[in-house]
Amino acid sequence: MPTDGASEAGRYHGGMTERHDVVIVGGGLVGASLAIALDRQGLDVGLVEATPTGQMPAVFDQRNLSFAAATVNALTSLGVMQRLRTPTGPIRRIHISRQGDFGRVKLDAGDYGRDAFGQVVVARDFGEALEARLDGLSQLTRYRPARFVGFAQDEAGHRVLRIADGDGERTLQARLVVAADGTRSAVRGALGIGVDEHDYGQTLFVARVRATRAPDGTAYERFGDAGPTALLPRGDRHWGVVHGVAQEDADAVAALGEAAWLARLQHAIGWRIGRLTGSGERSAYPIIRVVAQRLVAERAVVLGNAAQTIHPIGAQGFNLGLRDALTLAEEIARRDDPGDADSLAAYAARRSEDRGRTLAFSDGLARLTANPSPLLKPLRSLGLAAVDAQPSLQSFLVGGAMGFRGDVPALCRGEAA
């Protein structure tokens with residue numbers, strides 16, 4: 001049965017060192033998914049989580065997650081999708097446009113022999129499904145609440161981590177350490193891995209809204225000078241909205257009453273879903289791109305947001321991070337030593353194309369669509385019109401949006417790992 005390290009803290013202090021095949025620091029979306037994938041291999045895994053037992057990490061809030069088809073395939077194979085307690089919202093059509101530009105792109109999953117491009121899932125529901133799966137893992141030890149403090153003197157064939165909880169510090173020994181501890185990763189910093197950063201000068205507001213038209217499987221992406229506005233078809237007859245504003249306007253937008261907030265959204269998206277009639281609580285997230293300069297170090301790897309935190313335009317972030325985790329799990333399965341240097345080099349090489357193309361797509365689209373220069377307007381319009389008219393360009397866009405880019409892990413393809 002899984003062990004909760006926090007509930008048995010007394011056993012691990014006083015100079016004792018717990019030994020694991022793999023220690024994952026960070027129990028969010030990607031870290032938890034990796035732990036589930038590794039349990040299928042019979043590995044002894046430690047999971048260091050900042051959140052106490054019975055609580056959910058902050059990332060599992062009411063935001064709307066857009067799961068690409070590849071992600072749905074993988075999470076179904078891992079037994080997570082089956083544990084969602086509320087219905088998902090299928091994305092069967094995608095409508096892309098920009099305020100003030102004449103071009104637009106319409107994509108229909110049926111044209112590609114698919115029922116849907118992906119599914120919209122509420123983060124809170126996903127977190128509860130992950131928790132249910134983690135509770136059933138046989139080879140997992142959970143240390144919570146605990147935080148990574150640093151590395152101690154390495155031992156032959158192992159990394160030694162120092163973690164702290166309410167009773168003080170302890171050490172963990174692992175053949176592989178995985179940094180899945182988010183954008184400001186402490187593990188990444190301790191490994192000496194630098195980052196490249198870019199502040200987009202935007203804040204994204206996330207909420208659930210009601211409209212006179214119920215979701216019909218269409219997702220809308222509407223670009224503007226201050227950032228994108230997206231409408232996602234949830235499974236509860238509401239729409240998930242993501243609304244980008246200039247950073248300097250964020251406080252004023254946060255202070256808007258419901259009527260003024262809905263009027264602002266209505267202006268941004270038009271009347272595609274009819275009149276907006278109500279909104280749930282808003283959450284705000286500054287958008288900063290943070291990209292690790294390398295993915296691996298000696299017996300260590302960074303993945304998920306610790307490896308790349310990207311603009312949420314196109315909904316690529318978690319989908320990319322999950323492909324990180326599943327590719328790593330595949331490489332670990334091929335060797336006896338999960339931290340073998342050849343295994344980590346193969347992992348970095350396999351992630352190169354998908355990661356590079358996704359980073360370029362996300363960053364390029366964010367910069368181009370938010371640039372108010374009148375010189376770019378005709379180019380953007382022609383570009384949107386060209387994509388809408390050319391099946392080959394549409395196929396390129398669809399393949400990436402569905403998560404089939406580069407070297408795709410077997411579970412993402414719907415195959416056995």
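**Aromatic pairs and their surroundings**

Mentor: A search of the whole structure, which is a predicted model, turns up seven aromatic pairs.

Trainee: Take F67 and F126. What kind of pair are they?

Mentor: Edge-to-face, because the ring planes stand at 75°, and an angle over 60 degrees counts as edge-to-face. The ring centres of F67 and F126 are 5.0 Å apart.

Trainee: Where do the two sit in the chain?

Mentor: F67 is in strand β4 and F126 is in helix α3, 59 residues apart, so the pair links distant parts of the chain.

Trainee: Buried or exposed, F67 and F126?

Mentor: Both F67 and F126 are buried.

Trainee: And what about F67 with F318?

Mentor: The F67 and F318 rings make a tilted pair, because their planes are at 40°; the centres lie 5.5 Å apart. F318 belongs to helix α7, residues 317-333, and is 251 residues away from F67. F318 is buried, as is F67.

Trainee: Which residues form the cluster, then?

Mentor: F67, F126 and F318 form one aromatic cluster.

Trainee: Change of topic. What sheet is β4 part of?

Mentor: An open sheet of three strands, in the order β4-β8-β5, with antiparallel pairing. β4 (64-68) and β5 (89-91) are the edge strands, each pairing on one side only. On average, neighbouring strands in this sheet are turned by 30° against each other, direction ignored.

Trainee: How many bridges between β4 and β8?

Mentor: Five, in the antiparallel sense, with β8 covering residues 118-122. A68 stands opposite G118 in β8.

Trainee: Where does α3 lie?

Mentor: Helix α3, residues 123-135, lies across β4 and β8, and runs at about 90° to β8.

Trainee: How covered is α1?

Mentor: Mostly covered: eleven of the eleven residues in α1 (residues 29-39) are buried. Among them are S33 and D39.

Trainee: And the chain as a whole, what does it come to?

Mentor: Ten helices and 21 strands. Of the 417 residues, 55% are buried. The chain exposes about 16900 Å², and carbon and sulfur atoms supply 51% of that. Among contacts with a separation of 6 or more, 72% are between residues 24 or more positions apart.

Note on methods
Residues numbered from 1 in each chain as written. Predicted model: local features only at pLDDT ≥ 70, side-chain atom pairs only at ≥ 80, totals over all residues. Heavy atoms only, no water. Pairing = 2+ DSSP bridges. Helix = DSSP H or I, 4+ residues; strand = E, 2+ residues; numbered from the N terminus. Axes fitted to C-alpha atoms, helices over the stretch in contact; angles between N-to-C directions. Contact = heavy atoms within 4.5 Å. Buried < 20%, exposed > 50% of the residue type's maximum accessible area, 1.4 Å probe, protein only. Areas by Shrake-Rupley, 256 points an atom, 1.4 Å probe, with all protein chains shown as cover. Phe/Tyr/Trp six-rings, centres within 6.5 Å; stacked < 30°, edge-to-face > 60°.
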